[in-house]
Amino acid sequence: MPAKVPRPKPGERRVKVLQTLAAMLEQPKSEKITTAALAARLEVSEAALYRHFASKAQMFEGLIEFIEQSIFSLINQISTQREAGAEQAHAIVLMLLGFAEKNPGMTRVLTGEALVGEHERLQERINQLLDRIETSLKQVLRLAAAQAGTPDDGDAASRANLLVSYALGRWHRYAKSGFKRAPSESAEAQVAILLR
């Protein structure tokens, strides 16, 4: 009698689908990802995918949720481990670049490249995510101004916007280079210049 294959625990199949989707997004010359291609990679039927996700958009939403949870838990860690606002801002930007470097497939979601032709609410969620990152940076930059005893003068909002734009540019370059140009390349010095 053949050995019985254990059934996956609840949620394990969902995680496997999301991991496989992220891996497919890591292909530098990636084609548009279809549920048929995803099902083939997983060696299941498309119907099996739809038992766990109502649509492909829902699969991308699962990736976006993972990105949000990861990034904001890291921002919270940085905020609790460092007192100086300027150090927090520096560490947050470097973390954003490092996150992309460790998760190339997620980088294509963050830049919106993987979402072209998908439901528009997905790009709206990424825009909201970027706004939340900018708000977090604005808060730590205001803290930095208060710690230095200097007035904010609206500078925190401008700098936070610049830092998010910088990270987004580095993510785009990384994705467009086929994941060859690391976002962290020369980042230490560049972020220090942006925070002067």
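Guide: Happy to! Let's begin with a definition: angles under 35 degrees count as roughly parallel, over 145 as roughly antiparallel, 65 to 115 as roughly perpendicular, and the rest as oblique. Keep in mind that this is a predicted model.

Now to the helices. The axes of α7 and helix α8 (residues 155–176) cross at roughly 135° and come within 8 Å. That angle is why α7 and α8 are described as oblique to each other. The crossing in which α7 passes α8 is right-handed.

Which residues make the contact? On the α7 side they are L130, I133, E134, L137, K138, L141 and R142. Across from them, α8 brings A156, A157, R159, A160, N161, L163, V164, L168 and W171.

Helix α7 also takes part in a charged pair. R121 and E61 form a salt bridge, with their closest N and O atoms 2.5 Å apart. This pair ties together distant parts of the chain: R121 belongs to helix α7 (residues 120–148) and E61 to helix α4 (residues 56–81), 60 residues apart. With a relative accessible area of 29%, R121 is partly exposed. E61 counts as buried, because its relative accessibility is 15% and the cut-off for buried is under 20%.

As a general point, side chains of opposite charge can pair when their charged atoms come close. In the whole structure, a search finds seven salt bridges.

One of them joins the side chains of R108 and E113, at 3.0 Å from N to O. Here R108 is buried, at a relative accessible area of 7%, whereas E113 is partly exposed at 26%.

Another salt bridge pairs R181 with E185, and the closest N and O atoms are 3.0 Å apart. R181 counts as partly exposed at 34% relative accessibility, and E185 is partly exposed too, with a relative accessible area of 37%. Salt bridges that share partners also join E65, E68 and R125 into one network.

Finally, a word on confidence. The average pLDDT of the chain is 91, and 94% of the residues score at least 70. Among the elements of the chain, the highest mean pLDDT, 97, belongs to helix α5 (residues 85–102), and the lowest, 89, to helix α3 (residues 46–52).

Conventions
Residues are numbered from 1 along each chain as its sequence is written. This is a predicted model: local features need pLDDT of at least 70, side-chain atom pairs count only at pLDDT 80 or more; totals for chains, interfaces and linings use all residues. Side-chain values use heavy atoms; hydrogens and water are left out. A salt bridge is a side-chain nitrogen of Lys or Arg within 4 Å of a carboxyl oxygen of Asp or Glu. Helices (H or I, at least four residues) and strands (E, at least two) are DSSP runs, numbered from the N terminus. Buried means under 20% relative accessible area, exposed over 50%, partly exposed in between (1.4 Å probe, protein chains only). pLDDT is the predictor's confidence in each residue, from 0 to 100. Axes are lines fitted to C-alpha atoms, for helices over the stretch in contact, and angles run from 0 to 180 degrees between N-to-C directions. A crossing is left-handed if the near helix is turned anticlockwise from the far one by less than a right angle, and right-handed if clockwise. Contact means heavy atoms within 4.5 Å.
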